[in-house]
Number of protein chains: 2
Amino acid sequence: MKLCLSALVLLLLCAAKISNGGRILVWYTEASHWINMKPVLETLVDRGHQVTVLVPSASMFMNSSEPSRFQYEPFDVAITVKDLEKRLEAVLHFSMHEINVINPVMIPFRFFALMKDNMDVSFKLLDGVVKSETMMKKLKEGNYDLLFADPIYPGSDLTAHILGIPLVFSLRFSIAHNVERHCAQLPAPPSYVPAAMSSLTDKMDFPQRMGNVLFYALQDFLLEQFMWKEFDKYYSEVRGTPTSACKMMGNADFWLLRTYWDFDFPRPSLPNIKFVGGIHCKPAKPLPKEMEEFVQSSGDAGIVVFSLGTVVKNLTTDKANMIASALAQIPQKVLWRYSGEKPQTLGPNTRLYDWIPQNDLLGHPKTRAFVTHGGTNGIYEAIYHGVPMVGIPIFGDQPENMVHVETKGAAVTVNLNSLNADELRDAVNTVINNKSYKENVMRLSRINHDRPMSPRDEAVFWIEFTMRNKGAKHLRVQSHDLTWYQYHSLDVITFFIILDLLLLIILLKTCSFCFKRCCGRKTTKRKAE
Amino acid sequence: MKLCLSALVLLLLCAAKISNGGRILVWYTEASHWINMKPVLETLVDRGHQVTVLVPSASMFMNSSEPSRFQYEPFDVAITVKDLEKRLEAVLHFSMHEINVINPVMIPFRFFALMKDNMDVSFKLLDGVVKSETMMKKLKEGNYDLLFADPIYPGSDLTAHILGIPLVFSLRFSIAHNVERHCAQLPAPPSYVPAAMSSLTDKMDFPQRMGNVLFYALQDFLLEQFMWKEFDKYYSEVRGTPTSACKMMGNADFWLLRTYWDFDFPRPSLPNIKFVGGIHCKPAKPLPKEMEEFVQSSGDAGIVVFSLGTVVKNLTTDKANMIASALAQIPQKVLWRYSGEKPQTLGPNTRLYDWIPQNDLLGHPKTRAFVTHGGTNGIYEAIYHGVPMVGIPIFGDQPENMVHVETKGAAVTVNLNSLNADELRDAVNTVINNKSYKENVMRLSRINHDRPMSPRDEAVFWIEFTMRNKGAKHLRVQSHDLTWYQYHSLDVITFFIILDLLLLIILLKTCSFCFKRCCGRKTTKRKAE
C-alpha cells in the first residue's frame with residue numbers, strides 16, 4: 001500500500017513537472033565515459049535542471065557546436081585533436097602490437113612512458129580551466145550548484161574546491177582501486193577483493209592472494225611515485241599551498257561506481273558510494289529497414305553482432321582476413337562494425353558497417369551472440385539484453401572486464417594476438433550452442449533488472465540529493481581524518497606490543513630478583529653454616 | 001522521464017494488485033523487535049503474501065489467539081510467562097538498582113550470569129521448534145518460501161537450513177558488532193567504527209581508539225567463551241554433525257540493519273546488508289479528543305512527551321516524585337506514560353497515562369520535547385517528526401543510542417541513578433530553549449526522509465527479491481569461505497616476512513663468505529710475506 005502511495009506521489013510530482021532548477025556543471029570527458037554520463041544528464045534536463053558541459057577546444061568525441069539539450073562551455077587548450085589522436089594511436093599500438101615484440105622487461109617502462117604522456121595531456125587540458133582567469137571567472141559567475149565529473153580526467157575536485165560547490169564522481173575504477181581505497185576510503189581486503197586490472201577473481205588460492213597483495217602494493221608504490229607526486233605538485237602550485245590531490249578527491253560528496261553485482265564481484269561499500277552499473281542500458285528500438293531485413297534473413301540460426309568499440313577502427317589485413325574467414329564458417333548472419341578495408345575472405349553471411357545501433361541489435365530477438373572488445377558499456381548492454389559474449393579484449397580494462405563475465409559463465413575470451421580462425425569460430429559456436437552461456441547471461445540479466453530502482457534513477461536521485469543538501473557530509477566516514485597507520489590501528493597495536501614487552505620485562509626482572517634473593521639467602525646461609 | 005515511467009509502471013502493478021503470493025514464515029520475537037517487524041509484515045500481507053508467525057506458548061507481548069491479518073503457528077515450550085517476566089525483572093533490577101550497589105568487580109560476572117539465564121531461556125524456546133518433531137513436520141509441510149527473523153532469538157538460521165529455505169534477518173545490532181563482523185562478514189575497522197555498546201563515537205582520539213580495540217577484542221573473547229561455544233554445541237547436537245552457529249548465521253541471504261545515517265555513524269556495508277532504520281515511522285494520526293484538548297490547552301508553550309518504554313512500568317517512589325517535581329517546574333504541559341502509583345509531587349501541568357499514542361504525539365505540532373529511555377524505536381519516531389530529546393537510558397542499547405543522538409546535537413542525556421529534579425528540569429528546558437537542538441534534529445529528520453525509497457519499501461523489496469530469486473547468493477562476499485587469518489592476509493604477510501628473512505640471511509651469508517674469502521686471502525698473503 002505504502003509502495004503504491006509512494007509511486008502515486010512520485011507520479012504526481014512528475015506530472016506537475018516539478019523543476020528543481022539546479023545548475024549542474026559537467027567536467028569534460030571522452031568516448032565511453034561520456035556515453036555513461038549522457039543518459040544521466042538527459043534525465044537531469046528532463047527534470048528541469050540546467051546542464052552545462054565543459055568542452056576543451058581539442059576533443060576527439062565531443063563537439064560544443066553540435067545542437068544539444070545541454071549548454072556547452074568551451075575552453076581553449078594548448079593541444080590539438082591531432083595530439084590526442086596520436087596519443088590514443090600510441091596506446092593502441094602498444095596494446096595490439098608493440099607488447100608482442102618488445103623485451104618483456106621493457107613493458108612496464110614503456111607503459112609508464114605512455115602514462116606520462118597521458119598525464120601531460122591531462123595537465124594541458126586542466127590548464128585550460130584552472131589556470132585560465134577568464135574561465136574561472138566565468139565558472140564562478142555561473143553559480144553552479146554541483147560539479148559532476150568522471151575523474152579519469154583529473155582536476156574536477158580542485159575546480160569544485162575553488163568554486164566551493166559539491167562534487168559527484170562517476171567512476172568505472174582506478175588501477176588496483178587506488179583512488180577508491182585511498183581517496184574515497186573504500187575498504188578492499190586483498191584476500192577477496194581482486195585489485196582492478198589484476199585479472200583475478202574474488203575466489204583466490206594462496207598464490208593468487210599473494211599476487212593480489214603484491215599487485216596492490218606495487219601499484220600503490222608506482223602510482224605514488226609517478227602519479228600522485230605530479231598531481232600534488234600541480235594542485236599545490238594552483239592553490240599556492242601544499243595540497244594532497246588524493247585528499248582533494250576524497251572531498252567528493254558522492255561516488256557513483258559504474259558496476260553492479262551482475263558484472264562485479266560482491267565487495268564492501270560505503271554510504272556515499274553507490275554501484276550504478278548499466279546506466280546507459282535501455283530497451284531496443286526497431287532497426288533500420290535494410291538492417292532488419294538482413295537480420296530476418298538469418299532464419300532460426302539468428303545473428304551475431306561484432307564490434308571492437310569506438311576506438312579501434314582498423315586491424316591489420318591479416319587479422320581482418322582471419323576474423324572474416326572465421327565468421328564465414330558460422331551458420332549465423334553477422335553484423336560487423338568495421339570501417340577498414342573489406343577483407344578478401346569475407347563470407348556472404350557477413351556484412352560490414354561503419355556504425356551499428358549496438359543496443360538495438362543486442363536487444364533483437366534474433367541475436368545469438370555478441371563478439372566484443374570487452375568495454376564495460378558493451379558488456380552491460382549484452383547483460384541487460386541477455387546475450388552471451390565472445391571477448392577479444394584489446395587494451396585498458398577490457399581483459400579484466402572479460403575475466404568478470406567469463407568467471408560468471410556468460411562469455412568465452414580469446415587473445416587477438418594469438419588468435420586463429422578456427423579458434424574464433426569455435427568460441428562463437430560454443431557460446432551459442434552450449435546452453436549454459438545463455439542461461440548464465442540470463443541470470444546476470446535478471447540481477448541487472450531486479451533492483452529497487454534503475455541505475456539511472458539512482459544516479460539522478462543522489463545527484464539531486466547532493467544539490468538539495470549542498471553536499472553529503474553526513475554520509476562521509478571518519479577515516480578521512482585518519483592517517484594510514486591510525487586507520488589500520490597500527491599505533492594502537494604498537495602501543496600494546498610495547499606495553500606487553502614492558503610488562504614481560506618487569507615480570508622477568510621481578511622473578512629474577514625474587515629468585516636471586518631466595519637462592520642468594522640460601523647460599524649465604526649455607527656459607528654461614 | 002524514466003523516473004516517471006517507472007512510477008507509472010509501479011502504480012499500474014499496484015493497481016492490478018499483483019500478488020506474488022509468497023509464503024513467509026516469521027520467527028518468534030518480543031517487544032520492540034516485534035514493533036519493527038510488524039509494519040514490514042503488514043506491507044507484505046497488503047502485497048498478497050501469506051505471513052505466518054511462530055508464537056511460543058510463553059510470550060509476554062505476543063498472543064496467537066488475537067485477531068490479526070497474520071496467521072499464527074503456536075508451539076509449546078517448557079517455560080512459563082512468569083519465567084520470562086522474572087528474567088526481565090532481573091535484567092531491569094540489575095540495570096536500575098543492583099549496578100549501583102554491588103562491587104564493580106562483580107558487575108561483569110553478574111552480567112554474564114544474567115546472559116547465561118537469558119541463553120537458557122532462548123534454548124528452551126528453540127527446543128519447542130527444532131526439537132519438536134510435530135512442529136518441524138508442520139513447518140516442512142508449510143512449504144514456506146522464506147524465513148524472516150530477528151536473530152535476537154537464536155535458531156532461525158538453523159531452522160531455515162533444516163527447512164532448506166532462504167533467510168532474511170532484521171537486526172538492530174549485536175554487542176561489539178560481533179555477529180555482523182564475524183558471521184555477516186561486515187568490515188568494521190576499529191579506528192573509526194565504534195564497537196556497539198562501547199558508547200564511543202566515530203571520532204576517537206588515541207585512548208578511545210585503544211579502548212575500542214580492547215572492547216572489540218574483549219567482547220569477541222567473552223562471546224566465544226560464553227555464547228558461541230554453547231550455540232555450537234546445541235546446533236551440532238540438533239544436526240548430528242559439528243556445526244558452527246556463526247557460519248550458520250552467515251548463511252542468511254539478506255541482513256536488514258535497523259539504523260540509517262540519521263542516527264548511526266557512517267560505516268562500511270556489504271551488498272547483502274541494507275540499513276533500513278525507522279521502518280515503523282509514519283505520519284501522525286489525530287489524537288483522542290480528551291488528549292487533544294489537553295494538548296491544545298498548553299498554548300504556545302507546547303507539550304513534552306514522556307515515556308520510559310514498554311518494559312519499565314514502575315519506578316521507586318523517590319524517583320517518581322523527583323521526576324514529577326521536575327516536570328511540575330516547566331511551562332509545558334506533560335503527557336507521561338506511567339502506570340505506577342501517582343507521585344505526590346505531580347504538578348497540575350502533568351497527566352499520567354497507562355499508554356500513549358507515542359507516534360501521534362511526537363508528530364503533533366505542539367510537541368516541544370521527548371523524554372525517553374532511549375529505545376531505538378522511540379528515538380526514530382522523534383527523528384522522523386523532528387523532536388529534540390532528553391534521554392534517561394536504563395538498560396541494553398539505550399545508553400549507546402543516546403550517545404548517537406547526543407553526539408549529533410539532538411539530545412541531552414541524564415543518568416537516572418544520580419538524577420535530581422533540577423537537572424531533569426534544566427535538561428528539558430535546554431533542548432526546548434536552545435535552538436540548536438531543534439535545528440539538529442530537523443537536519444536528522446531531513447536525512448531520514450530524503451532517501452530513494454522508504455525503509456519499509458526497501459525492506460519489503462529485498463524480502464520479495466530473496467523469495468523471487470530463491471536466495472541472494474550473488475550478493476554474498478567470498479570472505480565467508482576464508483579463515484580469519486586468510487581474511488586478514490596474515491598467511492601471505494607471514495610468507496613474505498619469512499621470504500624476506502631468508503633472503504636477508506642468504507645475503508648476509510654471501511657477504512660474510514665473500515668478506516672471509518677476501519680478507520682470508522690477504523691474511524694468508526701477509527703471513528706468507
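In which sense do strand β12 (residues 389–391) of chain B and β13(B) pair, and over how many bridges? They pair in the parallel sense over 3 bridges; strands count as paired if DSSP finds at least two bridges between them. The model is predicted: local features need pLDDT of at least 70, side-chain atom pairs count only at pLDDT 80 or more, and totals for chains, interfaces and linings use all residues. Residues are numbered from 1 along each chain as its sequence is written, and chains are lettered from A.

**Sheet in chain B**
- An open sheet is formed by 6 strands in the order β10-β9-β8-β11-β12-β13, with parallel pairing; strands (E, at least two residues) and helices (H or I, at least four) are DSSP runs numbered from the N terminus.
- β10 (350–353) and β13 (411–413) are the edge strands, each pairing on one side only.
- Opposite B:Gly391 stands B:Thr413 in β13(B).
- Helix α15 (residues 421–433) packs on the sheet and touches β8 (303–307), β11 (367–372), β12 and β13 of chain B; contact means heavy atoms within 4.5 Å.

**Two chains**

**Confidence**
- Chain A has a mean pLDDT (the predictor's confidence in each residue, from 0 to 100) of 90, and 94% of its residues reach 70 or more.
- Over residues 7–19 of chain A the pLDDT is below 50.
- Where pLDDT is low, the predicted coordinates should not be read in detail.

Notes
Heavy atoms only, no water. Axes fitted to C-alpha atoms, helices over the stretch in contact; angles between N-to-C directions.
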